[in-house]
Amino acid sequence: MILSNFQAQRPLRIISVLAVLGCLWLWLITFHNSSFTSGAISSEVPLHGAPKSEPQQPNNINNGIQNVDHSVPAGSGSDAPTANTPPPATNQPAEHEQPPVMKTSRVAKVTVAANALDVDVIHRAMQTHERHNREHGYPHYIALNQAVSSLIENDRAGRPKGAWTKPAYLLSIIVAELEKPEEERLKWVFWFDADTVVMNPYTPLELFLPPEDAKGLSNVDLVISSNWDGLNSGVFAFRVSPWSVSFLSAVLAYPIYNSERMKTDRFRDQSAFQFLLTDKASPLAQTPMAGRDHWVNVPIRWFNSLPVNNAFFKNGTWLFGKEMVEEQFDKGTNEVYDDGHGGEVQEWKVMQGDMIVHFAGTSYVRDSWMGPWVTRAEQELPEWANKTTKDVLKVEVDKFWYEQNKKLTKERAASAIEEEKKKKEQERKDKEEKARKEREKKEKEAKAKKEKEEQERKAKEETSVGGH
């Protein structure tokens, strides 16, 4: 009986031993993997989920952000700043470690850095954008080659070519995004000229966009700013929308359908923006509200500050006609360079904490003007690069969009009433025209009938006469 019981329990004991051995084996495997994972969490983990790349060379356009794959965000290299690099390995148990946060955004940047822009100071400027991109997860699409032929890119002044590659490249990106499912698309694309430097990488681009819940702003597809020359196309944002495609198509074709204006226009693509958005001869002028509900002119310092208080001296001499001197290196305060205009601070002058400084017009003295500013940006001095400016700026931005929402809602309602009046007036005219045509038709039919009756009467009389 005892032997029988022992034999009956043997399978159970064997199973128990095997279970214990199995648990021990699983524990050893888990411990090994945890140790390996702990030792591997370092800069080997790519930012933004992009493939790990070779270390970038800041001053080499072919090895840095400029040579970006359009399918992944720029800023995914292994040389990312420590602020966004996953923590190094520690002795803490694996279960206490948090996975790195991969930032992503549905806002992207677009830039052309071709021809004369393939220089060291521009490469360094693009690295300041790279720092900004890593902070907020922005893809940055950068074109390195001219993409438009002389049919459009035919500048009479002999200026460097590439200006019209800008709308062409933007157009291609927005069209490609519209072909994606809506939930996978970018929502906005920001254009940045290559001669822009990010001074405050902590300010997000999303801060400047119209609130999605504001019905009066739902048609806004373009956010742009202006200075003394009018609208400035150095920095602006397009919503990914069919309207943006239509507008950029018109910009790109501008040198063809407005070739006469091109003979006197000063700013090429910027002149096209100015014409299309503000001129009474523009196709937009024929649309409801003359297209005013589709674009908004915002304060220029939001994202397009300039390094000077005035571009011209009192005597008319252009500041950017000569290399920058130390006194012209703006401090970002109310202290301004004495240009003879009296010292009043202009709305476009860069101030400490501003996100961007834009060096439009410095082509021939670019190193002199941009170099010191790029160095300042690279240092990330707290008065320039800080996280508090955006909080102050948000109050201004929210107030601005609140007022714009009210304004555009009111204008849209008035426009709707006006359009309804036009519609009814057109219906009245159409009705009158229809009645006129019907009246003329009846009169014509009556005349034809009368003429026929008259002919029949005469024929009858002639027959009667002939019978006698």
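## Packing of H3 and H4

In this predicted model, helices H3 and H4 run roughly antiparallel to each other. H3 spans residues 165-178 and H4 spans residues 242-257; the angle between them is about 155 degrees, and their axes lie 9 Å apart. An angle over 145 degrees counts as roughly antiparallel, which is why this pair falls in that class. The crossing of H3 and H4 is left-handed.

On the H3 side, the contact is made by Pro167, Ala168, Leu170, Leu171, Ile174, Val175 and Leu178. Facing them from H4 are Pro242, Ser244, Val245, Leu248, Ser249, Val251 and Leu252. Sorted by class, this contact between H3 and H4 comprises 12 nonpolar and 2 polar residues, with no charged ones.

## Surroundings of H6

Helix H6 covers residues 269-278. Of its 10 residues, 8 are buried, so H6 is largely enclosed by the rest of the structure. The buried residues are Asp269, Gln270, Ser271, Ala272, Phe273, Phe275, Leu276 and Leu277.

What do the buried residues of H6 pack against? Their partners include the helices H3 and H4, together with helix H5 (259-262). Strands also take part: S5 (222-227), S6 (230-239) and S7.

## Aromatic pair between H4 and H6

Across the whole structure, a search finds 23 aromatic pairs. One of the ring pairs joins Tyr254 and Phe275, with centres 5.7 Å apart and planes at 50 degrees, so this pair is tilted. Tyr254 belongs to H4 and Phe275 to H6; the pair therefore ties together parts that are 21 residues apart in sequence. Tyr254 and Phe275 are both buried.

## Aromatic pair between a loop and H8

Trp302 and Trp401 form another aromatic pair, also tilted, at 6.3 Å centre to centre and with 55 degrees between the planes. Where do these two residues lie? Trp302 sits in the loop between strand S7 (295-297) and strand S8 (356-358), while Trp401 is in helix H8 (residues 389-467). Because of these positions, the pair ties together parts that are 99 residues apart in sequence. Both Trp302 and Trp401 are buried.

These two tryptophans, Trp302 and Trp401, also belong to a cluster linked by ring pairs.

Notes:
Residues are numbered from 1 along each chain as its sequence is written. This is a predicted model: local features need pLDDT of at least 70, side-chain atom pairs count only at pLDDT 80 or more; totals for chains, interfaces and linings use all residues. Side-chain values use heavy atoms; hydrogens and water are left out. Axes are lines fitted to C-alpha atoms, for helices over the stretch in contact, and angles run from 0 to 180 degrees between N-to-C directions. Helices (H or I, at least four residues) and strands (E, at least two) are DSSP runs, numbered from the N terminus. Angles under 35 degrees count as roughly parallel, over 145 as roughly antiparallel, 65 to 115 as roughly perpendicular and the rest as oblique. A crossing is left-handed if the near helix is turned anticlockwise from the far one by less than a right angle, and right-handed if clockwise. Contact means heavy atoms within 4.5 Å. Ala, Val, Leu, Ile, Met, Phe, Trp, Tyr, Cys and Pro count as nonpolar, Asp, Glu, Lys and Arg as charged, and the others, Gly among them, as polar. Rings of Phe, Tyr and Trp (its six-membered ring) pair if their centres lie within 6.5 Å; planes under 30 degrees apart count as stacked, over 60 as edge-to-face and the rest as tilted. Buried means under 20% relative accessible area, exposed over 50%, partly exposed in between (1.4 Å probe, protein chains only).
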